[in-house]
Amino acid sequence: MARAVLSGNEAVALGVKLARVQVVAAYPITPQTTIVEKIAEYVDRGELKARFITVESEHSAMAACVGAAAGGARAFTATSSQGLLYMSEMVFWAAGARLPIVMAVVNRAVAPPWSIWCDHNDALSQRDAGWIQLWAESAQEALDMVIQAYRVAEDERVLLPAMVNLDGFLLSHAYEPVDAPEQALVDRFLPEKTPAPYWIDPSNPRSYGTIAAPDTYMEFRYKVQEAMENAARVIEEVDEEWGKLTGRRYGGLIERYRCDDAEVGLILAGSWAGDAKEAADALRRKGLRVGVIRLRATRPFPAERLAEAVEGMDAVAVVDRSLSPGLPSVLAAEVKAALYDRARRPLVKGFIAGLGGRDVTPLDFARIVELTLKSLKEGVGGVECYGLRGGGGGDG
Amino acid sequence: MVTVRELPVEEYWLPGHSACPGCPAALGLRMLGKALGGRFVLVVPAGCTTVIQGIYPRTPSRVPLLNIAFAASASAASGLKAALELRGLDVPVVVWAGDGGTVDIGLQALSGAAERNEDILYVCYDNEAYQNTGIQRSGSTPAGAWTTTTPSGKRERRKDAALIVAAHRVPYVATASVAYPLDFVEKVRKAASIKGFKYIHLHAPCPTGWRFPPSKMVEVGRLAVETGAWILYEVENGVLKLTGRSRALLDPSKRRPLEDYLRLQGRFAHLLRPENREQLERLKKSVDEAWETVRAILERGGRVF
Amino acid sequence: MASELPLTAIAAPTKGAAGRTGLWRTERPVIDYSKCVGCLLCWLYCPEGAVVRRGDGGVEIDYDYCKGCGICANECPAKAIAMVEEGVG
């Protein structure tokens with residue numbers, strides 16, 4: 001294995017190259033741009049034998065990926081924020097069409113106001129589309145995740161598109177040491193051709209994506225749900241297999257950090273899990289048993305694994321890097337839903353933090369744990385917007 | 001020029017489909033299939049042809065057909081062509097899109113694909129409104145036409161889609177009409193033999209949307225050409241030539257009066273009333289201007305730009 | 001039921017995808033073969049493909065699918081096709 005210092009974006013581009021992607025269609029948007037620039041270099045130098053379609057919009061990027069995947073090619077695109085929202089119609093299309101496209105989303109806040117900085121609103125806005133949604137913590141994981149994503153997406157039990165999320169700037173532009181797997185290893189792990197549940201085949205003409213009347217539409221949509229349930233199993237299988245091949249195991253659907261004897265937990269997705277782990281270590285040194293549950297997948301939502309991981313905890317803080325006005329915390333709501341039917345469940349307190357790239361440090365995570373314990377004492381969970389200037393922001 | 005007898009007998013768009021009686025899009029699809037001998041794949045955005053296919057599990061299409069979202073046909077076709085090439089399959093990819101999905105919501109993707117010179121054939125079947133959703137105006141609706149969203153007649157002139165595409169300097173652009181199917185077949189065959197971006201704008205007189213009896217569909221299409229309202233031409237590598245019946249109509253005195261075309265259509269009925277004389281003149285002016293554009297092009301040796 | 005369906009809506013080429021569309025029409029084309037000159041224009045212009053080529057080079061109407069649009073009758077240069085009201089005599 002070759003070791004290099006790569007940014008999160010460069011790691012994604014390398015994953016795309018190792019996965020032998022055949023068609024790339026992408027439109028630039030900060031902070032995704034260096035992914036597509038790197039891929040363009042690979043293609044230009046002949047290191048990646050792919051057709052790079054420099055489309056004129058993100059909607060066209062996903063449309064071109066849909067066309068390419070329907071034609072039997074392994075397809076990739078990447079975007080952020082506005083670009084993801086713009087292509088949303090086609091994002092839904094890719095899942096309904098059961099096409100194993102992989103897309104890297106470099107998570108960035110949505111406008112207005114304009115912000116190029118990190119939050120998770122973009123990806124979470126697409127949570128109903130039927131895409132598998134995975135979240136990387138490190139550049140190494142981002143590289144591995146792109147390869148794993150194709151493996152999961154193309155599995156015959158799944159055949160759904162997969163989103164690899166990485167935090168804008170915080171991960172996309174941060175440089176870390178990365179071990180690049182050998183091409184031969186990736187070739188063994190990832191079969192060369194996408195499977196053929198259907199390919200456009202001139203010798204077997206079919207019309208794809210026709211009208212389905214009310215007597216069949218529900219069943220077609222429910223198949224996406226069934227595929228997503230299968231994806232949960234496949235994600236774990238694939239992580240296990242990758243672990244055997246490379247020594248790098250990430251925990252499957254969730255990563256559990258010091259959870260076994262934890263009395264309080266931090267639940268979140270993305271690169272700030274690193275800061276949360278630092279806070280957990282610091283608090284443990286002071287005698288508080290803190291654990292961190294990092295959601296590697298939010299779709300399928302890992303309800304069972306989550307419930308297992310929080311067993312024994314008195315309280316959990318769900319830290320959401322997005323805001324769904326009126327709800328307001330997407331992840332907190334999904335965690336509560338997952339735990340609702342359990343006989344014993346911890347107090348769940350939701351925190352909205354870090355929107356638009358606002359910095360959240362280990363000290364902040366420690367404070368969040370403190371606020372959670374306070375809520376536990378009062379017996380009331382709720383949701384608060386952490387660190388809102390000028391006061392307000394919830395019942396914390 | 002191919003003759004009727006030389007066309008393949010095979011049908012590649014099977015009878016008993018969902019189109020209205022007398023549908024020009026259906027006729028166009030039959031001719032497209034015969035032009036290419038059933039060896040091509042179709043990309044079809046939202047529009048009449050989505051519904052003409054009927055409902056799962058049946059389709060009239062004997063060639064592979066990818067249905068796609070309204071704005072996305074040119075991009076989806078670009079990706080599809082790339083994939084087929086990577087598989088070593090040398091099969092034409094043909095977009096079959098309505099005027100809505102071409103000059104309005106689909107224009108950006110069309111322009112992008114043309115600028116990239118994608119190796120696809122884009123056919124726009126133009127029934128001059130959003131017919132599938134119930135006859136609302138499009139950027140291709142002619143001035144003066146009644147539609148549900150222009151109840152007093154459209155005030156604006158239409159976009160000239162063929163010239164817009166020609167401005168991208170692609171290898172082949174043509175106009176055609178379902179009333180002149182052999183001319184259309186020749187153009188499809190010529191286009192398919194060229195590498196790069198090809199565009200054919202196919203006039204498709206819609207009985208349902210234009211308000212005339214289905215039996216008159218081909219006659220209305222013929223009158224469009226005979227009166228000069230629709231011009232048949234092709235642009236090969238930037239050089240324009242009139243084709244078929246239009247070759248004889250550069251001289252305005254050879255064209256039948258526009259009223260001969262308009263009076264058959266309910267959507268233009270109001271234009272023939274004296275109080276709407278101004279609207280009628282605006283439509284006639286737009287027809288004359290289209291011919292003046294062609295004349296000026298021909299006078300400089302056919303160079304469009 | 002769901003397991004019988006394919007992955008997504010994938011439809012197979014079928015004659016009569018919309019059913020027996022011949023039931024739509026209110027009048028039917030009738031060819032007077034004594035007048036027919038065999039120009040094949042009716043076959044060319046039928047949007048349905050319901051004018052069918054016969055083995056002997058002639059044409060006949062496929063009444064299962066003919067929607068009665070009347071284009072064939074309108075275009076026939078020999079006036080060999082008449083549109084006759086359905087269900088009458």
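Predicted model: local features only at pLDDT ≥ 70, side-chain atom pairs only at ≥ 80, totals over all residues.
Reader: How many helices and strands are in chain B?
Author: Chain B has 11 helices and nine strands. These are DSSP runs, numbered from the N terminus: helices are H or I with at least four residues, strands E with at least two.

Reader: And what percentage of chain B is buried?
Author: Buried residues are 62% of its 305. Buried means 20 or more other C-beta atoms, placed from the backbone, within 10 Å of the residue's own; 12 or fewer is exposed, and in between is partly exposed.

Reader: Switching to chain A. Which domains does it have?
Author: Domain 1 covers 2-197 + 209-246 and domain 2 covers 254-385. The bounds come from an automatic or database domain assignment. Their centres, over C-alpha atoms, are separated by 27 Å.

Reader: How many residues does each domain of chain A give to the contact?
Author: Domain 1 gives 24 residues and domain 2 gives 21. Contact means C-beta atoms, placed from the backbone, within 7 Å.

Reader: Which element gives the most on the domain 1 side?
Author: That is α9(A), with five residues.

Reader: What about the largest nonpolar core; which residues touch the most other members?
Author: Among its 265 residues, they are V66(A), V146(A), V164(A) and L80(B). Such a core is a set of buried Ala, Val, Leu, Ile, Met, Phe, Trp, Tyr and Cys residues joined through C-beta atoms within 7 Å. Helix α7 (residues 139-154) of chain A supplies the largest share, 10 residues.

Reader: What is V146(A) in contact with?
Author: Leaving aside neighbours within four places in sequence, its contacts include V12(A), V102(A) and V164(A).

Reader: Last topic: which strand of chain C joins β9 of chain A?
Author: Strand β1 (residues 10-13) of chain C is joined to β9 (residues 207-208) of chain A by two bridges, and the strands run antiparallel. Strands pair if DSSP finds at least two bridges between them. Y208(A) has I10(C) as its bridge partner.

Technical notes
Residues numbered from 1 in each chain as written. Chains lettered and ligands numbered in written order. Contact = placed C-beta atoms within 7 Å.
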